[in-house]
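Here are a few notes to go with your first look at this one. Have the model open and follow along point by point.

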Amino acid sequence: MECESSPLKKLCDTRYTKEINYKDFFTQFRTLVSKNLKCKGNVITFLENKILTEDEVLSPTFEEVILLWCLEKIDPKLPSEIHKHFGHLLVDGLSIKDFEEDIFNKIPSLLTNKSIVILEEDS
């Protein structure tokens, strides 16, 4: 694991642009999140100066949050739209990560819906 964390600002400032494939954007975004994981020996001040005894890893819940955050960065309405289309499938231990490929394949049709528009960054 790479143990140099990148600034969180870079992660927060990451924006989707139409030139990027949705899945590629997710992969890039997830990589940025991963670069911010804490490493063995890091001191976590807000946890009473706890020293990590092992590298931090992405939990299943955090993986889901990354996917939702990525969808929100593509379009703020996408997480809600994804829930409308896939929410009924999230039973018996299944999560949105289990439908990741289906979700990325569905995004183009969801974005053609007039109520969803990709936000363009001011140039």
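**Notes on a predicted model**

1. Let's start in a loop: Asn-49 sits between β1 (43–44) and β2 (50–51). Keep in mind that everything here comes from a predicted model. Asn-49 counts as partly exposed because its relative accessibility is 47%, and the exposed class begins over 50%.

2. A second residue of this kind is Asp-92, which has a positive phi of about 55° although it isn't a glycine. Look for Asp-92 in the loop between α4 and α5. Is Asp-92 buried or exposed? It is exposed, with a relative accessible area of 79%.

3. Now for the two helices on either side of that loop. Helix α4 covers residues 78–86 and helix α5 covers residues 100–112. Their axes come within 11 Å and cross at roughly 110°, so the two helices are roughly perpendicular to each other. The crossing of α4 and α5 is right-handed.

4. Which residues make that contact? From α4 come Leu-78, Glu-81, Ile-82, His-85 and Phe-86. On the α5 side you'll find Asp-102, Ile-103, Lys-106, Ile-107, Leu-110 and Leu-111. Sorted by class, the contact has seven nonpolar residues, three charged and one polar.

5. The buried residues of α4 are Leu-78, Pro-79, Glu-81, Ile-82 and Phe-86. Viewed that way, they fall within an arc of 160°, so they line one face of the helix. As a reminder, an α-helix has 3.6 residues a turn, so residues three or four places apart point the same way.

6. What do the buried residues of α4 pack against? They pack against α3 (60–74) as well as α5. On the face turned away from that buried side, α4 carries the exposed residues His-83 and Lys-84.

7. One last stop, in helix α2 (residues 22–35): this is where Leu-32 is placed. Leu-32 counts as buried because its relative accessible area is 13%, and the buried class is under 20%.

Key:
Residues numbered from 1 in each chain as written. Predicted model: local features only at pLDDT ≥ 70, side-chain atom pairs only at ≥ 80, totals over all residues. Heavy atoms only, no water. Helix = DSSP H or I, 4+ residues; strand = E, 2+ residues; numbered from the N terminus. Buried < 20%, exposed > 50% of the residue type's maximum accessible area, 1.4 Å probe, protein only. Axes fitted to C-alpha atoms, helices over the stretch in contact; angles between N-to-C directions. Parallel < 35°, antiparallel > 145°, perpendicular 65-115°, else oblique. Left-handed = near helix turned anticlockwise from the far one by under 90°. Contact = heavy atoms within 4.5 Å. Nonpolar A, V, L, I, M, F, W, Y, C, P; charged D, E, K, R; others polar. Arc of directions from axis to C-beta.
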